[in-house]
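Biologist: I am new to this structure and would like a close look at a single part of it, followed by a picture of its surroundings.

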Amino acid sequence: MELINFISIYDDIIHEKPLSKLIRVCKDFKWEDALVGKVNLDKDIRKVKMCVLSNCSDSITNVHWHNVMQNRFEAHLKKYVEVNDIKLMYSAQLETIQVLKYDKSDHYTWHYDSFPGINRTFSCVYFLNEDYEGGELCFRNPDGTGEFTIPKKKNRMIIWPSSFLYPHTVRPVKEGEKYSIVSWTQ
């Protein structure tokens, strides 16, 4: 079986009206530089702003969107495991939920999401908008061959295994602002 078969795309995750509200809310978030791993700030590798959504936040808005996205991620992870007939003990325990804001030239170089100290099982990314240029999510085979791009579309979720078999990158944004939400399971 081809590795690409384990990269799943789901569209129309949230109804249009709440999605429009979420995009408006994102513009008011308090943004901070995203890290590589849990402690390393390296803008040559990962240049993007982030805001963590949490059900323990002082902001009711943040809690609300955390709960919405947790529900959407968990529902689609359940579908992913069922459709791919993954026979392993699985719980949809999300590690964290981060809203990402990619401005012009922001990017994330080739990487994979599970490594020593951060042992992830599945990766999820949700595209909020599509009114930007660049910023493509691309995958390739572990040997560097077979690169392909996930077509950009607002309200789209992509789920894949977090292992070294799935190196991926976010190309630099050329124009506009790209908003996405990411999460992982452990």
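Where is the place of glycine 134?

Modeller: Please keep in mind that this is a predicted model, in which local features need pLDDT of at least 70 and side-chain atom pairs count only at pLDDT 80 or more, while totals for chains, interfaces and linings use all residues. Residues are numbered from 1 along each chain as its sequence is written, and side-chain values use heavy atoms, with hydrogens and water left out.

Glycine 134 is in strand E8, which covers residues 133–134; helices (H or I, at least four residues) and strands (E, at least two) are DSSP runs numbered from the N terminus. Glycine 134 counts as buried because its relative accessibility is 9%, where buried means under 20% relative accessible area, exposed over 50% and partly exposed in between (1.4 Å probe, protein chains only). Leaving aside residues up to four places away in sequence, glycine 134 touches Pro172, Val173 and Lys174, a contact being heavy atoms within 4.5 Å. Tyrosine 10, by comparison, is 124 residues from glycine 134 in sequence, and the two C-alpha atoms are 21 Å apart in space.

Turning to the protein around this strand, we find 2 helices and 14 strands, and buried residues, glycine 134 being one of them, make up 44% of the 186 residues. Of the contacts between residues at least 6 apart in sequence, 79% join residues at least 24 apart. The C-alpha trace spans about 45 × 35 × 30 Å along its principal axes.

Elsewhere, helix H2 (residues 60–83) has 24 residues and reaches 35 Å from its first C-alpha to its last, close to the 34 Å expected at 1.5 Å a residue, that span being 1.5 Å times one less than the number of residues. The buried residues of H2 include Trp65, His66, Met69, Phe73, His76, Leu77 and Tyr80. An α-helix has 3.6 residues a turn, so residues three or four places apart point the same way. Aspartate 85, which follows H2, has a positive phi, near 50°.

Aspartate 12 is in the loop between strand E1 (8–11) and helix H1 (16–26), and with a relative accessible area of 59% it is exposed. Serine 105 is in the loop between strand E5 (94–102) and strand E6 (107–111), where its 37% relative accessibility makes it partly exposed.
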